Each structure stands twice: as structure tokens, then as C-alpha cells.
Amino acid sequence: MDSPEKQKKYLKTIYQNTVYIDRLIDDLFLFSKLDLQKLDFHFELVQTKAFMNDLMEEFKFELEERQYRFVYEDNLEADCLINIDRKRLHQAFRNIIGNAVKYGGSRDLVITVCLREQEDFIAVTVEDNGPGISEEKLPYIFDRFYRIDAERTKDLMSTGLGLAIAKELVQAHRGRISAASKERAGTCFTISLPICPARG
Ligand code: ATP
Ligand code: MG
């Protein structure tokens, strides 16, 4: 290396690629365990309102620190029980909210999360006002390794497994996940989880 600047530049590249590979291994490991149904889940019955409030408060704190707007609306009329693995569900929401920030990350970004009831399910929508996803690409976003802009996402340290993992995690809860989007308007993800009949 003929200059300290060059050395610094190369070391930075090596470092970034190492972080990337490390993340890729973690994601691949998690995904393959999920795919093979070999991942241990610790299910417990929790009250929906308290769980969601705590979780969303955490995201709100994190995002507002980074100057993004985050709104949480609890439109659930009556509280109910859901059978979940808190950590795994947290991960699914983190992947979706993380995308909203990563792809919509301008100063005007607003993320709105809304909780409501839909027949025998709770439905949580995560909406952003980011760039949106085109109609022809939308059906593939939950596919493993699918990234819309592979060149751009390389800089953003993406593995293309975030939504595939979120989908597996939600399905392991007997839930559903879907996305709707409009280009230049935003994207809305919906996670639905079955409500557990109250005991007693
Ligand atoms: P990773 O999550 O593993 O870091 P990733 O973000 O590229 O990588 P996914 O989370 O699976 O992968 O998302 C797949 C693709 O869907 C992304 O590359 C992006 O192009 C698109 N996408 C996902 N969420 C949004 C969003 N909220 N707004 C716009 N595009 C999105
Ligand atoms: Mg992602």
C-alpha cells in the first residue's frame, strides 16, 4: 500500500464485507432452520394490547432517535390472547420496519403501525410513505434472496432474506403476511395472527 489513505480505504472495504458475510451467515442459518422446521419456538399466551404497545414503544423510541416519524394506533376494541414467541415476532416486525427505513429513509418518512381485529385474527399493518414497489415486482418480495435493486442494496448490507425470514416466522405462528404497494406512494405490510379463544 503506497499511502495511508489507500490503506484506510481498503481496510474499510474489508471490514464492510466482513460485516456483510457475518450477517449473511446469520440470516442463512436462521432461514435454513426455519425452512427445515428445526427452529425452536417458545410460545406463550400473551395479551395482545400490552405486547404490541411495548413492542411499538421500543420501535418508536429507536426511530425517533433517528429523526423519523413513527405512529402507532391501537384500534383493537377488546383485548385478546395470542400464542406467540415474543422474540421471533419481534424479529419479523424488525425486518419489515427496518425495510421501511432502509428503502424510504428520507427525512419525510412516516411509518404508521395499526392494530385491529379481523374476524378471528388480529391484523397489524405497517405502512410507509417510501418509494413503493412496482406491481410486477411485488409478487416476488417474499422470495429468498429477491432484491429489487441488487446493486443499490449491496451498499445497504442486504442479504435479501429479510422478508423470507419474516414470512417463515409469521407462518410458524399460523399467521399470514402480505404486502400492498403503490409506486411513489408507499408500501403496506399486513401481519395477521390467530386470536386464541379465552380459557375458562
Ligand atoms: P435484508 O432484509 O436481508 O437485509 P433486503 O432488505 O434486500 O435484504 P428483503 O427485506 O427480503 O431483502 O426485501 C426484499 C426487497 O423488497 C428489497 O430489496 C426491496 O427492494 C423491497 N422492499 C422491501 N420492503 C420495502 C419497502 N418498505 N419499500 C420499498 N421496497 C421495499
Ligand atoms: Mg430487508
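## Ligand contacts

In this predicted model, a polar backbone atom of Leu161 lies 3.0 Å from an oxygen atom of ligand 1, which is a polar contact (a pair of N or O atoms within 3.5 Å). Asp128 places a polar side-chain atom 2.8 Å from a nitrogen atom of ligand 1. Taken alone, the ligand exposes 600 Å², of which the protein buries 96%; these areas come from the Shrake-Rupley method with a 1.4 Å probe.

## The surrounding shell

The residues around ligand 1 number 23, counted by a heavy atom within 4 Å of the ligand. Those that come nearest are Asn99, Tyr103, Asp128, Thr159 and Leu163. The shell comprises ten nonpolar, eight polar and five charged residues, with Asp, Glu, Lys and Arg taken as charged and Gly among the polar ones.

Helix 3 (86-104) is one of the elements that give two or more residues to this shell, and helix 3 gives the most, four.

## Overall architecture

The protein contains five helices and seven strands, assigned as DSSP runs (helices H or I, at least four residues; strands E, at least two). Along the sequence they follow the pattern α-β-α-β-β-α-β-β-α-α-β-β. Of the 200 residues, 38% are buried, meaning under 20% relative accessible area with a 1.4 Å probe and protein chains only.

## Basis of the values

Residues are numbered from 1 along each chain as its sequence is written, while chains are lettered from A and ligands numbered from 1 in the order in which they are written. Local features need pLDDT of at least 70, side-chain atom pairs count only at pLDDT 80 or more, and totals for chains, interfaces and linings use all residues, while side-chain values use heavy atoms, leaving out hydrogens and water.

How values were computed
Polar contact = N/O pair within 3.5 Å; in protein donor to acceptor, adjacent residues only side chain to side chain. Buried < 20%, exposed > 50% of the residue type's maximum accessible area, 1.4 Å probe, protein only.
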